[in-house]
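Here is a short report on how two parts of one protein meet. Look at the model first, then read on.

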Amino acid sequence: MTHTPAQEALWATLRLKRPVMWINPYLGERPLGWAPTQAERSAAQARFARCEPLLAALFPELAACGGKVESSLAPAPALQHAMDRQGATGQAWFIKRDDSLPVAGSIKARGGFHEVLALAEALAETQGLCAKGNPLLLASSEARSLFSHHTIAVGSTGNLGLSIGTMAAALGFQAVVHMSVDAKEWKKQRLRARGVRVVEHAGDYAQAVAAGRAQALIEPRCHFVDDENSKMLFLGYAACADHLAMQLAQAGRPVGASRPLCVYIPSGVGGAPGGIIHGLKALFGEHVHCFIAEPVASPCMLVQIASHSSRPLSVYDIGLDNRTEADGLAVALASQLASPLMQAQLSGVFTVTDDQLFDQLLAVKQATGIDLEPSAAAAVDGPVRLIESSEGMQYLHRHHLEPGKATHVIWATGGALVPVQEHQRFQQRALTQAASRNTHA
């Protein structure tokens with residue numbers, strides 16, 4: 001594949017592993033691949049709504065909220081004060097608390113639960129169980145007997161595996177999660193405690209996914225949840241837009257021309273942020289501006305979009321090593337399902353170093369008391385990068401955006417299930433970094 005001089009210059013910059021702010025020149029183009037219809041988005045929302053009684057029955061953690069797979073929207077004025085050096089008045093920062101989604105503890109609950117529920121409904125229908133009319137039938141002994149003869153498998157760095165494995169096992173499916181050997185051990189242990197079989201593979205995330213996909217092809221009655229290509233996962237993420245709109249309205253920040261919305265989301269393979277961004281763009285159109293955050297060693301979506309090609313291009317292809325402490329974002333090749341939509345709907349990408357991940361994780365902890373895992377902290381300084389970088393300022397000017405009027409939502413993607421000792425280790429690393437900088441200042 002040949003590249004333009006501008007692309008080669010970008011690859012050279014990325015190889016330096018220094019943070020960049022990249023504005024997407026292809027925003028607004030017609031998507032080249034699959035684009036969900038309003039009917040598909042509505043069907044996903046309806047599935048979540050009708051399955052609320054089932055989820056409340058399956059998981060005590062969801063009983064209090066009636067089975068809703070949703071998270072709070074937390075105002076973050078202290079974080080804004082700590083990080084916004086320009087102090088733009090009129091804007092407001094919020095944290096979308098997907099890190100605290102019940103049961104699965106991460107953004108992956110949205111897509112993962114949706115795909116398993118969709119499969120369960122389809123299988124039940126083959127046996128004459130009218131589960132769409134009464135979702136509680138999916139927890140019946142008849143349904144569990146049916147599901148026990150089927151396997152749901154997935155390749156994951158951890159959080160998607162927790163989501164898929166937990167939901168599948170709760171309904172009685174055989175659940176298998178394929179992971180790389182260097183995935184977090186506590187995530188593997190939590191999966192096994194839920195009755196999920198963990199299969200470890202040498203290599204990175206993509207190799208674990210490929211191995212899981214290949215194994216599923218030769219096993220009868222095995223459904224492989226393909227994080228790179230699943231429409232059901234994507235639609236589960238997209239279903240969140242209406243609830244966020246309601247939360248913003250309740251907070252006195254309805255989205256419109258006079259009050260634009262800027263959203264910042266960490267990105268791994270791209271399905272979760274891609275689905276959310278698509279749902280938000282379908283609802284708010286030009287009044288929402290979406291940015292993703294990726295590690296400097298693993299900017300797979302930036303590389304794919306900037307290539308402006310339908311051919312896959314990985315971070316390895318441009319000389320990066322895909323090594324980062326942000327295990328949930330350590331992905332070399334972007335989703336080929338999500339990337340065409342992201343190319344058309346994404347405003348930009350900013351990259352972060354591992355040191356920045358831990359600095360931002362500590363900043364959130366000190367300002368709000370919220371414990372995030374490193375991957376979830378990637379997007380924390382998104383508003384600052386937009387307002388203070390020359391690239392961000394050019395974007396604001398081009399789109400006639402006044403920083404002081406915007407609402408900024410930082411999407412926290414995981415952290416609630418992380419063991420306490422792990423959070424303490426994260427914070428200690430951040431404190432050690434800060435002390436070292438002060439010593440050498």
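Seven salt bridges cross the interface of domain 1 and domain 2. A salt bridge here is a side-chain nitrogen of Lys or Arg within 4 Å of a carboxyl oxygen of Asp or Glu. Side chains of opposite charge can pair when their charged atoms come close. By this rule the structure has 24 salt bridges.

This is a predicted model: local features need pLDDT of at least 70, side-chain atom pairs count only at pLDDT 80 or more, and totals for chains, interfaces and linings use all residues. Residues are numbered from 1 along each chain as its sequence is written, and side-chain values use heavy atoms, with hydrogens and water left out.

| Salt bridge | Closest N to O |
|---|---|
| Glu-70 with Arg-110 | 2.8 Å |

Helices (H or I, at least four residues) and strands (E, at least two) are DSSP runs, numbered from the N terminus.

Where do the domains lie? Domain 1 covers 5-104 + 232-440, and domain 2 covers 107-230. These bounds come from an automatic or database domain assignment. The C-alpha centres of the two domains are 25 Å apart. Domain 1 brings 49 residues to the contact and domain 2 brings 40. Contact means heavy atoms within 4.5 Å.

The area buried between the domains is about 3,900 Å², and carbon and sulfur atoms give 65% of this area. Buried area is the accessible area (1.4 Å probe) that two parts lose on being put together, summed over both. Leu-54, Leu-233 and Asp-327 supply 16% of what domain 1 buries against domain 2, more than any other three residues.

Several helices of domain 1 each supply at least two residues of the side touching domain 2, among them α3 (52-58) and α12 (271-284). Helix α10 gives the largest share, six residues.

The structure holds seven aromatic pairs. Rings of Phe, Tyr and Trp (its six-membered ring) pair if their centres lie within 6.5 Å; planes under 30 degrees apart count as stacked, over 60 as edge-to-face and the rest as tilted. Phe-147 and Phe-173 are stacked, because their ring centres are 4.5 Å apart and their planes are at 15 degrees.
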